[in-house]
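Subject: Structure handover

Hello,

Here is the structure I promised to pass on. Please open it alongside this note.

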Amino acid sequence: MPGLSASGFLLAFSSDRLRMTLSLIWKRWQLIAVSDPCYRSITSAHRINFSDTTVLIGRNNEGKSNLLRALEASMLILRRHAEKRPSIRTMRFLPNDTPYVWSRDFPIQLQARRAANQTIFKLEFFLSDAECEKFKCEVGPTINGSLPIEIKIGSDQEPHVRLVKPGKGTRSLESKSSQIANFVAERIHFNYIPAIRTDNTTIDLITGLLSQELRVLEKDQRYIDALSTISELQRPVLDELAERVRGPLNEFLPGISSVKLEISESSRRFSLSRDVNVFIDDGTKTLLEYKGDGVKSLAALGLLKSRGATGIASILAIEEPESHLHPGAIHQVNEIIQSIAKTSQVIITTHNPLFVDRENVKANVIVNAGSATPAKSVSEIRSLLGIKASDNLMNASYALVVEGDEDVIAMKSLLPILSEKLGRFLKNNMLVIEPIGGAGNLSYKLSLLRNSLCAVHVLLDGDSAGRQAYEKAKKEGLTTAASCTFVNCNGMKEAEFEDCLNIAVYSDAVLTEFGVDLSHKSFRGNQKWAQTIRSTCLTQGKDCTDTLLAQIKFTVGSAVAKAPKSALDEHKRNSVDAVLLNT
């Protein structure tokens with residue numbers, strides 16, 4: 001993670017008897033909470049390790065959104081303090097009017113208490129050695145790498161920001177709180193995207209990013225000179241208006257000698273960096289506010305994907321990324337989030353199983369009745385989200401989709417031989433092999449599996465039916481190139497799973513059960529297996545109906561199950577081996 005890393009965020013309320021804390025640790029995120037609630041509905045939590053992408057799961061009104069809003073409030077208050085803006089009550093913050101309103105954000109059931117009347121945010125940041133040197137140059141004292149900041153705010157809505165650090169020189173730093181806040185604000189970008197994403201939400205996000213990016217101009221002398229010129233041009237207008245105001249006032253208050261109107265330098269910078277119109281041209285160039293909710297949502301979420309490494313750390317909090325999106329777009333958004341997570345810390349709340357981290361179950365945080373705990377199992381998440389999984393999928397983390405039942409029989413015997421890990425997963429029901437009964441059923445099967453919280457990989461025959469089914473499922477956002485393997489054999493235009501097998505393993509069984517001799521010259525060539533079998537049957541007086549073909553395939557699969565070690569053709573097994581790398 002580039003630049004300053006935010007190591008912690010703590011949320012608390014003040015009391016003579018106790019102090020509750022809620023801590024989020026950057027790149028080693030943690031939630032710590034004890035005792036009574038301190039912010040909205042949050043009442044308690046346990047220690048949690050967060051990953052690059054953390055998923056908050058829970059039923060409605062259980063506190064998921066409040067966790068994100070608490071982090072947003074503290075970061076916005078810190079930035080305001082860094083910019084030395086006026087009272088929190090008079091400033092407009094985006095996307096909310098104010099980051100903290102005591103009557104709204106302090107737990108209502110505690111507002112009558114005399115002692116517990118403040119919310120306390122504690123943010124701890126870890127600095128590299130180089131940043132410690134910069135801190136010493138810009139602020140003054142020497143620090144050992146940890147920079148804990150406390151923000152207290154109560155019913156007067158006036159935040160108090162201070163460095164909480166033991167040792168000599170701490171008292172002298174109290175007067176430098178805005179410098180400390182600015183040091184952090186310049187090195188961490190925080191973006192919060194609420195669940196209800198209107199055009200204003202997207203524009204707020206864009207203007208916020210614009211303001212962050214334009215901060216680099218504040219050190220450019222040309223920009224400084226331009227602001228000075230604007231100030232000089234505005235002065236006569238302001239002075240004239242002030243004089244017009246002074247005249248009427250003098251009639252009632254003769255003691256007034258002058259009136260002066262001023263635009264502060266910070267307000268001038270703020271306005272110049274935030275006034276922006278957003279046009280979207282999807283055939284018709286239109287302001288964003290006139291586009292549909294889906295476009296607005298994608299604009300807000302997709303905006304951050306193109307943001308490259310800037311040497312500045314980034315935190316992105318998203319409420320319900322699936323809001324207003326059709327199923328195909330939800331998959332695209334999930335890919336965007338995973339891409340952003342490579343360079344940023346991402347925290348999301350969701351009701352959609354697609355966003356659940358199936359690889360690292362503990363990265364999913366279950367928020368329930370004001371507490372937050374890491375998930376213990378996929379089945380626990382399924383139960384919370386109301387997913388009705390079939391018996392064979394109840395404990396599965398991975399699903400391999402194949403075309404037929406005979407493929408299931410063969411792969412169940414082959415995988416333990418080829419991979420000890422996959423064999424163990426099969427035994428423990430962590431991996432299931434699901435048939436689709438023909439390529440044409442792929443989309444239907446994947447749509448069912450999408451809500452099973454299984455990571456799905458598909459093995460399809462490399463024929464026209466398999467490729468058409470794949471293209472259809474891909475277009476519908478149900479699969480990707482990385483999640484699909486086709487059976488391909490050297491020298492063959494089309495191939496099936498049976499083409500990967502050693503003929504010697506199943507030829508005797510086919511001869512015994514169906515009277516078809518596969519040593520016949522007709523069972524050679526570069527056509528796919530089913531066509532070759534049909535031709536061989538016809539040359540030996542057998543009418544190879546679809547029913548007979550299915551029976552032969554089942555016999556082949558059963559033969560493979562009896563001799564899996566020698567079942568694969570050494571020259572045509574590459575597709576099966578490829579599945580091992582992706583499952």
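Below is what I found, from the whole chain down to single contacts.

Please keep in mind that this is a predicted model.

**Overall**

The protein chain holds 19 helices and 17 strands. Of its 583 residues, 51% are buried. The chain exposes about 28000 Å², and carbon and sulfur atoms supply 50% of that area. I also looked at contacts between residues at least 6 apart in sequence: 68% of them join residues at least 24 apart.

**The parallel sheet**

Four strands make an open sheet with parallel pairing. Their order is E15-E14-E16-E17. Strands E15 (431-435) and E17 (484-487) are at the edges. Each has a single partner strand, so one side of each lacks a neighbour in the sheet. From one strand to the next, the twist averages 20°.

Strand E14 (residues 398-402) is joined to E15 by five bridges, and the two run parallel. Within that pairing, Leu-400 has Ile-433 of E15 as its bridge partner.

Two helices pack on this sheet. H12 touches E14, E15 and strand E16 (455-461). The direction of H12 makes about 155° with that of E15. Helix H15 (residues 464-475) touches E16 and E17, and its direction makes about 165° with that of E17.

**H12 against H13**

How do helix H12 (residues 405-418) and helix H13 (residues 420-427) pack, and at what angle? The angle is about 135°, with the axes 5 Å apart. H12 and H13 are therefore oblique to each other. From H12, the contact uses Lys-412, Leu-415, Pro-416 and Leu-418. From H13, it uses Glu-420, Leu-422, Gly-423 and Leu-426. By class, five of the contact residues are nonpolar, one is polar and two are charged.

**Around E5**

Is strand E5 (residues 146-154) mostly covered or mostly uncovered? Mostly covered: eight of its nine residues are buried.

E5 has antiparallel pairings with E4 and with E6. Nine bridges join strand E4 (residues 118-126) to E5. There, Ile-120 stands opposite Lys-152 of E5. Four bridges join E5 to strand E6 (residues 160-163). In that pairing, Ile-151 has Val-161 of E6 as its bridge partner.

E5 and E6 form a hairpin with five residues between the strands. In this hairpin, Gln-157 takes a positive phi near 65°.

Best wishes

Terms used:
Residues numbered from 1 in each chain as written. Predicted model: local features only at pLDDT ≥ 70, side-chain atom pairs only at ≥ 80, totals over all residues. Heavy atoms only, no water. Axes fitted to C-alpha atoms, helices over the stretch in contact; angles between N-to-C directions. Parallel < 35°, antiparallel > 145°, perpendicular 65-115°, else oblique. Contact = heavy atoms within 4.5 Å. Nonpolar A, V, L, I, M, F, W, Y, C, P; charged D, E, K, R; others polar. Buried < 20%, exposed > 50% of the residue type's maximum accessible area, 1.4 Å probe, protein only. Pairing = 2+ DSSP bridges. Areas by Shrake-Rupley, 256 points an atom, 1.4 Å probe, with all protein chains shown as cover.
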